[in-house]
Structures are given as structure tokens and as C-alpha cells.
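Okay, everyone, thanks for coming.

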Amino acid sequence: MRALGPEPLVSIVVPILEEAAGLPGLLDHLRALPGHWEVLVVDGGSRDAGGELAARHALAPSVLGPVAGRAAQLDAGAAAAHGEALIFLHADSRLPAAAYSSVTAALRDPRTVGGNFALRFDGADRFSRVLTAWYAVQRRAGVYYGDSSVWVRRSTYAALGGFRALAIMDDYDFVRRMERRGRTRCLTGPATTSPRRWHALGVPRTIVAWVVIRWLYLLGVPADRLAGLYRRAR
């Protein structure tokens, strides 16, 4: 394994699809984030000019696309990245201020292959607090998803073959394979993400949707069928 330099590069891959409204705020956040970063924005075919907006931003990220499908977007960003580690960041999420030092410290342990960040759903309301607490319970059981900003050592990503082209659960599938590959770490923070996708369901139905869809996936229900259930749940 190659030794880390004094300030290793970490690549942040951001898949977007119709995210122009919130994208400037994310790029502003990343521009101000301490660390030695490169940012790659991968457009999934947006009709709201999100890719053009990213290309004009002062952060000057690499902009790729259009690439159809979230897994393909993540893989395209990883293929173009140069960092020792990759962070896959949703457009409605934010990394903690110490993200860079946390990731690079974890990389110094050769047994650590990747992980995620402790997650807080953004908002002071009861809905966000309950989702945050439930997510922490799941993480202790080794269950986490892309909204918690999954990160991985570049060599591990390559060994795993990247993300599989699934209609849903591509992030969970990747995490399960990464967990079997070696030690993972949930880095402190927390990172934050928006609960916007789940507000209409409320807390009970959101948690049921998470649990039911995951178990159906583990029981072998095809991802294409689960995608329809996920859309109805939301």
C-alpha cells in the first residue's frame, strides 16, 4: 500500500439531477471547507442547467455528464478522480468542518477501508431529531446509506469494482461489500443532510419504509421492483 503524503488529495464526487436550486449553497460550502480537495460534479441529465451552473462557480469543480443513473454517475466521478480517498456526497448534504482531517487520519490505519460520517438530519423539529436518532441506531448495526456521505479508500473502491448498476439500494449494496472488505469507521462530525424526501411520510412510515425496503432487498427482491415501492413510499 502506498504511503500517504503530508497532505493527501481527497476527492468529493457529487451526483446531481435537477439540483440547481441548492447547488450554489453546496459549492459555496465546499469552497470554504478546509482541506486538500478536488470536487467532481456529475450531472445525470438535468434540465435545470445544474451542470452549467457548477461549471461557472468560483470553486471550479470538474463537471462531467450527462451520465444516466446514480450508480453510473458515482462511478464516472470516481474514474475521473485523483484522490487517495473518495467521498460520495449528496447535493443536499454538508460535510463537517473537520472532514478532511478525519478522513486522512483514518487513512493512516492500513486496516481501514472506508466508512461514512455520523449523520444529523438538518432541522430543529422533532421529525429531524427522531430520524437522526434512528439512523445512529442503524449505524451501530452496520447499516448506512449514501446520505451519510460514504467515503472509501481508492484502492478499496477499485477492488470492489465500484457501484453496481441497481435501480435502488446501489449505495447499500456498495456499503455491504465494503464492510466485508475490512475495517470501516463512522467519522465524527456530524455531516448533515436534508429530510426533504421524507417529510410527507412522517416518522413512522419513513422508518417502516427504510426497514421494509432493506429487508426485501436482503431477501432477494429485485431492485427494479423495489424502486417502484420506494417511489410510492416517498
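So, to start: how many cavities of 30 Å³ or more does a search of the whole structure find? It finds one. Keep in mind as we go that this is a predicted model.

The volume of the largest cavity comes out at about 70 Å³. What lines it? You've got Pro15, Arg70, Leu74, Phe88, His90 and Gly146, and then Val150, Phe163, Asp171, Phe174 and Val175. If you sort the lining by class, seven residues are nonpolar, two are polar and two are charged.

Which helix gives the most to that lining? That's α7, with three residues. Helix α3, residues 70-80, and α7 each supply at least two.

Helix α7 covers residues 170-181, and it packs with helix α8, residues 203-218, at an angle of about 60 degrees. Their axes are 12 Å apart. Oblique or roughly parallel, then? At that angle, α7 and α8 are oblique to each other. The crossing of α7 past α8 is right-handed.

Where do they touch? On the α7 side, look at Tyr172, Asp173 and Arg176; on the α8 side, at Arg214, Tyr217 and Leu218. By class, that contact has three nonpolar and three charged residues, with no polar ones.

Okay, over to the other partner of α8. Helix α5, residues 126-140, packs with α8 at an angle of about 25 degrees, and here the axes are 10 Å apart. The cut-off for roughly parallel is under 35 degrees, and α5 and α8 are therefore roughly parallel to each other. α5 also passes α8 in a right-handed crossing.

Which residues make this contact? From α5 you have Arg126, Phe127, Val130, Leu131, Trp134, Tyr135 and Gln138. Facing them from α8 are Val203, Thr206, Ile207, Trp210, Val211 and Arg214. Sorted by class, the contact of α5 with α8 has nine nonpolar, two polar and two charged residues.

Notes:
Residues numbered from 1 in each chain as written. Predicted model: local features only at pLDDT ≥ 70, side-chain atom pairs only at ≥ 80, totals over all residues. Heavy atoms only, no water. Axes fitted to C-alpha atoms, helices over the stretch in contact; angles between N-to-C directions. Helix = DSSP H or I, 4+ residues; strand = E, 2+ residues; numbered from the N terminus. Parallel < 35°, antiparallel > 145°, perpendicular 65-115°, else oblique. Left-handed = near helix turned anticlockwise from the far one by under 90°. Contact = heavy atoms within 4.5 Å. Nonpolar A, V, L, I, M, F, W, Y, C, P; charged D, E, K, R; others polar. 1 Å grid on protein atoms, 1.4 Å probe; cavity = no way out; pocket = protein on both sides within 12 Å on 5 of 7 lines; lining within 4 Å. Points joined across faces, edges and corners; volume = space filled by probe spheres on them.
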